[in-house]
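Subject: Structure handover

Hi there,

Here is the structure I promised to pass on. Please have a look at it first, and then read my notes below.

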4 protein chains.
Amino acid sequence: MIRVGIFGATGYTGYELIKIFHQHPQVELVFATSEHSAGQNIGDLYPCPYNVPLIANEAAPLSEIEVAFFCLPHGESVSWVRRAYEAGVRCIDLSADFRLRDVHTYETWYNTTHHAPELLAYAVYGLTEVYREQIARARLVACPGCYPTCALLALYPLVKHHHLASSRIIVDAKSGVSGAGRAPKMGSLFVEVNEDFKPYSVGRAHRHLAEIEQEVKTWGGAELSVIFAPHLLPVNRGILSTIYVTLNAGWSVQRLAEFYADLYAGEPFVHVLPPGKLASLAYVVHTNRFVVSFAQAGENEFILVSALDNLLKGASGQMVQNMNLMFGLDEAMGLENQVVG
Amino acid sequence: MIRVGIFGATGYTGYELIKIFHQHPQVELVFATSEHSAGQNIGDLYPCPYNVPLIANEAAPLSEIEVAFFCLPHGESVSWVRRAYEAGVRCIDLSADFRLRDVHTYETWYNTTHHAPELLAYAVYGLTEVYREQIARARLVACPGCYPTCALLALYPLVKHHHLASSRIIVDAKSGVSGAGRAPKMGSLFVEVNEDFKPYSVGRAHRHLAEIEQEVKTWGGAELSVIFAPHLLPVNRGILSTIYVTLNAGWSVQRLAEFYADLYAGEPFVHVLPPGKLASLAYVVHTNRFVVSFAQAGENEFILVSALDNLLKGASGQMVQNMNLMFGLDEAMGLENQVVG
Amino acid sequence: MIRVGIFGATGYTGYELIKIFHQHPQVELVFATSEHSAGQNIGDLYPCPYNVPLIANEAAPLSEIEVAFFCLPHGESVSWVRRAYEAGVRCIDLSADFRLRDVHTYETWYNTTHHAPELLAYAVYGLTEVYREQIARARLVACPGCYPTCALLALYPLVKHHHLASSRIIVDAKSGVSGAGRAPKMGSLFVEVNEDFKPYSVGRAHRHLAEIEQEVKTWGGAELSVIFAPHLLPVNRGILSTIYVTLNAGWSVQRLAEFYADLYAGEPFVHVLPPGKLASLAYVVHTNRFVVSFAQAGENEFILVSALDNLLKGASGQMVQNMNLMFGLDEAMGLENQVVG
Amino acid sequence: MIRVGIFGATGYTGYELIKIFHQHPQVELVFATSEHSAGQNIGDLYPCPYNVPLIANEAAPLSEIEVAFFCLPHGESVSWVRRAYEAGVRCIDLSADFRLRDVHTYETWYNTTHHAPELLAYAVYGLTEVYREQIARARLVACPGCYPTCALLALYPLVKHHHLASSRIIVDAKSGVSGAGRAPKMGSLFVEVNEDFKPYSVGRAHRHLAEIEQEVKTWGGAELSVIFAPHLLPVNRGILSTIYVTLNAGWSVQRLAEFYADLYAGEPFVHVLPPGKLASLAYVVHTNRFVVSFAQAGENEFILVSALDNLLKGASGQMVQNMNLMFGLDEAMGLENQVVG
């Protein structure tokens with residue numbers, strides 16, 4: 001049994017971890033923290049039968065665990081990660097604090113000072129399918145944002161193998177509301193979201209763009225740039241990205257589907273659709289799957305459509321997938337019912 | 001032109017008044033207040049093209065209006081109503097402060113002290129179809145709550161004419177989320193409400209029960225009592241009440257439909273359904289209509305199903321209907337497209 | 001491995017079985033039938049990665065399975081059940097064909113002739129928590145309807161132990177839209193259901209009432225009667241029942257919670273809420289759980305609020321729970337992540 | 001009073017016309033047709049109090065009306081339009097039959113033969129803000145599709161004035177479900193749409209692309225081409241288009257907002273948002289408004305975000321706006337409460 005702790009267990013991603021651990025045969029949840037709800041139980045905060053007492057971050061018994069999961073806001077995460085890291089605990093962080101390899105990029109996009117820049121060199125970007133080997137041995141995994149996971153797994157094959165003919169990539173992304181977290185905000189109220197659909201932070205304004213461009217440039221060259229337009233969907237879960245790219249001559253939807261199927265062969269959580277089918281949220285919600293599909297829009301113009309569940313493959317599911325990898329387990333353990341058959 | 005002001009214009013009911021006044025041919029909106037957003041414009045707070053500057057309550061020019069609309073929380077409303085009342089302005093209040101004729105009942109249910117009990121004697125309960133004559137001459141109208149309007153207009157004919165055989169009335173009510181207001185609360189977040197359905201304050205716990213019983217007892221006798229079970233529906237607008245009553249011998253659905261059609265004949269906003277049809281939210285949302293229908297459940301057991309839009313007939317629409325009545329206008333003015341044809 | 005077949009695999013309940021079997025460690029799915037989609041694959045009909053070819057009912061190799069699951073419409077189910085039964089296959093039927101022990105009651109409510117009345121004597125009503133011993137040895141299990149499961153598990157403790165003071169029970173029930181099945185009907189269109197809420201078949205009109213009364217009368221006496229008012233909720237999954245009962249003197253919410261907790265102690269899928277909490281869909285959707293809670297509405301007047309997922313505990317989940325029971329497996333196998341912790 | 005008739009009154013757009021005419025002070029609805037529901041009343045088909053008998057198309061008294069509204073499917077519309085046209089009735093058609101000026105383009109995209117090509121020369125494309133003068137005198141107005149109206153009003157100022165630096169325009173569009181009509185189809189079922197989000201007919205596959213390109217090429221030159229990616233949103237009403245364009249040097253969001261505000265000055269139904277605000281469905285649903293907004297995504301890369309209600313400005317509202325124009329009325333009559341203030 002792997003002994004684990006959760007920092008920040010009461011948000012949607014922390015609660016998702018609790019649910020996964022409840023069915024994971026090799027995990028023992030040693031503690032779960034909450035600054036605001038310490039002393040309460042997860043069953044007081046969510047409609048569930050789980051009995052998980054909540055303690056303050058400060059009270060977390062780091063010496064009793066092997067791996068810690070961090071579902072804290074950026075800026076808050078860094079100090080607890082450092083403490084755990086220094087205690088010899090392996091760290092799987094979902095905040096943005098260790099995703100950007102360049103500290104100045106982080107400080108610019110997040111408008112703050114980084115308080116553990118010395119750890120950045122040890123952090124591995126936790127996009128499982130791309131960085132599997134590094135993640136397996138990592139002591140600190142910085143799990144990607146939900147939007148980046150959805151865009152990057154769609155772009156990776158084409159970018160990595162230099163099949164783009166234009167340096168301009170357009171990602172028109174649509175996310176369910178759980179991506180905004182559980183904090184009470186007027187913009188997340190039911191009446192404000194239901195029956196509406198709205199763009200926000202479009203162009204070059206959303207922080208997840210920094211991650212997306214970091215990876216795309218790493219894989220394909222510094223000249224690549226991304227236009228990113230996120231929108232808020234009136235659904236609980238799921239992200240769908242419609243991605244517009246210009247490819248080198250000779251591609252077709254058929255060839256794309258084959259190329260992706262080959263490249264992602266054996267991946268338990270990647271579902272490549274055949275020509276004629278397009279991804280939708282229904283393919284992925286409540287699973288750890290990522291789905292990708294293709295359409296042609298002009299001679300060399302193509303549309304990639306990808307989707308995932310923002311709380312699973314886009315967050316807590318990928319965290320657990322990484323933990324499984326780090327501890328030598330079947331990557332799908334605890335996520336089995338969500339494996340691509 | 002009737003010169004009007006709105007106190008508390010930035011909640012859902014205040015904004016609904018602004019939209020209605022925008023199309024009302026006999027209303028001039030002189031001012032709109034907001035304690036939290038004074039200095040801003042309604043167009044900054046809602047996705048709309050309306051240009052309505054917001055001022056503080058204190059800055060409201062009471063001498064320039066004939067009638068004031070109060071969409072303030074209970075407890076806050078009372079002092080502004082008194083100030084307006086004393087300035088000779090007719091008052092249409094949507095708070096609970098003047099709905100309960102007995103000050104002790106108010107203070108018990110609302111767990112507070114009433115700061116203008118002397119005005120209670122002048123307040124008319126603004127259930128238009130029942131108290132039309134009193135409303136027409138009133139200087140202070142206390143508009144009913146949304147749940148009470150929906151239950152009371154359904155019960156009035158049977159209770160007033162003493163057709164109930166049992167003193168126990170069960171009102172199983174379901175409301176859209178706008179009834180909870182626009183304040184950020186975790187319980188009103190999209191993810192918490194969407195795909196869920198939940199009861200709250202069931203039994204004898206919801207404050208609207210005090211109003212419902214006040215009226216039912218006034219009409220039918222002190223022995224009547226109500227069991228009230230409100231539920232939160234994942235929709236923006238609308239209340240549907242499923243009401244269980246035992247009637248004296250001899251009733252049928254056919255006879256009920258005829259009795260209600262006669263009793264509400266000529267009412268511009270009451271829609272009595274024929275046998276075989278049942279009320280639903282779609283009959284009423286975005287209109288000022290109230291709809292009522294009937295089913296038989298046993299020899300003398302009947303079910304009344306009624307519905308209205310909680311922001312219109314259950315709140316702002318009924319306020320405007322009352323204003324029209326108070327100023328001698330066609331009761332449907334400004335609400336025309338919502339009239340029963 | 002238990003070798004199973006599904007008759008009628010392409011509706012929502014059949015597809016739910018396929019998803020459960022995909023994660024069930026002791027099930028081998030031998031075949032899945034569909035009259036309309038024979039020759040296709042489940043992956044052509046649903047957004048999923050599952051590879052399950054569909055064959056015609058007639059082509060089902062009954063000799064290769066130990067147990068058959070029937071998700072066919074009432075009237076259609078009976079002949080396939082008989083064929084399987086006679087071939088020595090154990091049968092778990094979700095249609096209404098074998099739920100009503102009295103053939104005349106069936107023929108009256110379903111307005112048809114029963115074509116295998118001789119099998120009725122062998123059918124066990126598959127309400128697991130109530131008929132566990134009979135189900136374990138049954139060759140034919142008639143799984144209850146979704147509404148009946150939700151109402152009956154809530155009523156069983158009080159009715160069985162004769163704690164009702166009045167013979168009139170009111171069940172105000174609200175169901176998600178998947179209960180209406182996947183057939184294209186105008187009334188199930190998104191635009192017709194979304195933002196609406198409507199009652200249907202209220203009073204004594206819905207066929208599930210026959211089941212509810214059959215069980216209630218069996219447990220508590222023939223004088224008991226039920227008023228049943230179903231409503232259509234704009235959600236995908238879930239049923240919530242608000243049940244109004246009059247009890248003998250001496251009950252409280254506290255005592256009810258204790259009584260139910262004792263009576264259902266050890267049940268893996270029954271979640272009894274403590275005083276102060278009320279059931280909601282969020283407690284149960286995407287799980288096989290049933291949740292029940294209590295409120296007081298008068299001296300001896302009480303409200304029971306219960307909920308379940310209509311496709312799981314209300315249909316396919318209970319079918320699998322029964323299969324586990326019939327084959328001596330852990331009752332929660334394949335449904336583990338949905339067990340009450 | 002203008003005497004009008006509706007062909008095809010029972011779909012969502014026909015019913016929307018009935019609701020608008022109910023409040024339009026200068027319209028007398030003489031007849032409404034339905035092939036499938038002749039003999040019934042609109043009140044039998046929709047939850048409303050309107051009393052509008054339905055007759056067969058064949059029975060329509062063309063001699064008693066001045067203008068006919070056609071809400072029939074493409075292919076069906078043409079013969080009834082011709083009959084009305086030849087009877088001297090002015091025609092406002094919502095089908096695709098007269099939108100494409102080139103008969104071969106029509107026949108290719110719609111895979112059918114055009115049965116009244118001689119009328120194409122008389123048809124005016126009913127995009128009110130662009131073709132106002134021609135519409136005013138037209139005897140046959142071909143109202144645009146919902147997607148085209150939303151895209152074209154956003155693109156018109158830039159295309160008409162040749163401010164595009166690239167010939168490639170990307171329109172990522174998202175529509176509510178009422179756009180799919182009221183016919184029972186599995187893909188429009190609540191459970192299939194709710195909590196999902198899916199692209200369809202992306203690339204160069206959707207028929208509305210033909211209209212969009214016809215107009216764009218007419219305004220800006222034949223070299224322009226459009227990539228069009230429609231998606232299905234889980235909402236009842238509304239279309240939002242996110243449009244990616246490359247402009248000539250020198251543009252900013254500020255300059256765009258001013259340019260559009262000037263160009264659309266005085267338009268009662270066009271709402272140009274200032275810098276910093278982005279369009280969303282909430283700006284337009286249940287109104288006849290079109291809203292447009294702007295963001296920068298690169299040096300000369302810009303994003304236009306536009307929205308409208310697909311049943312109003314995208315269909316029936318624009319039909320009535322055109323009728324008002326054709327009969328010399330205030331363009332906003334009957335649509336007043338939906339005017340930009």
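To start with a question: is the crossing of H1(D) and H10(D) left-handed or right-handed? The crossing of H1(D) and H10(D) is right-handed. Here a crossing counts as right-handed if the near helix is turned clockwise from the far one by less than a right angle, and as left-handed if it is turned anticlockwise.

Some housekeeping before the rest. This is a predicted model, in which local features need pLDDT of at least 70 and side-chain atom pairs count only at pLDDT 80 or more, while totals for chains, interfaces and linings use all residues. Residues are numbered from 1 along each chain as its sequence is written, and chains are lettered from A and ligands numbered from 1 in the order in which they are written.

**The helix pair**

In chain D, helix H1 (residues 12-23) packs against helix H10 (residues 312-326) at an angle of about 45°, and their axes are 10 Å apart. The axes are lines fitted to C-alpha atoms, for helices over the stretch in contact, with angles running from 0 to 180 degrees between N-to-C directions. Helices (H or I, at least four residues) and strands (E, at least two) are DSSP runs, numbered from the N terminus. H1(D) and H10(D) are therefore oblique to each other; angles under 35 degrees count as roughly parallel, over 145 as roughly antiparallel, 65 to 115 as roughly perpendicular and the rest as oblique.

On the H1(D) side, D:Thr13, D:Glu16, D:Leu17 and D:Ile20 meet D:Leu312, D:Ala315, D:Ser316, D:Met319 and D:Val320 of H10(D). Two residues are in contact if their C-beta atoms, placed from the backbone, lie within 7 Å. By class, this contact of H1(D) with H10(D) has six nonpolar, two polar and one charged residues. Ala, Val, Leu, Ile, Met, Phe, Trp, Tyr, Cys and Pro count as nonpolar, Asp, Glu, Lys and Arg as charged, and the others, Gly among them, as polar.

Chain C has a helix pair to look at as well: H1(C) and H10(C) pack at an angle of about 45°, with axes 10 Å apart, and their crossing is right-handed.

**How the chains meet**

Chain D superposes on chain A by a rotation of 180° with 0.0 Å of shift along its axis (RMSD 0.0 Å). The two copies are thus related as by a two-fold rotation axis.

**Domains of chain A**

Chain A is divided into domain 1 (2-144 + 313-331) and domain 2 (147-310), with bounds that come from an automatic or database domain assignment. Their centres, taken over C-alpha atoms, are 24 Å apart. In the contact, 20 residues of domain 1 of chain A meet 25 residues of domain 2 of chain A. H10(A) gives the most to the domain 1 side, with six residues.

Happy exploring!

Conventions:
Copies are superposed by least squares on the C-alpha atoms of residues with pLDDT of at least 70 in both.
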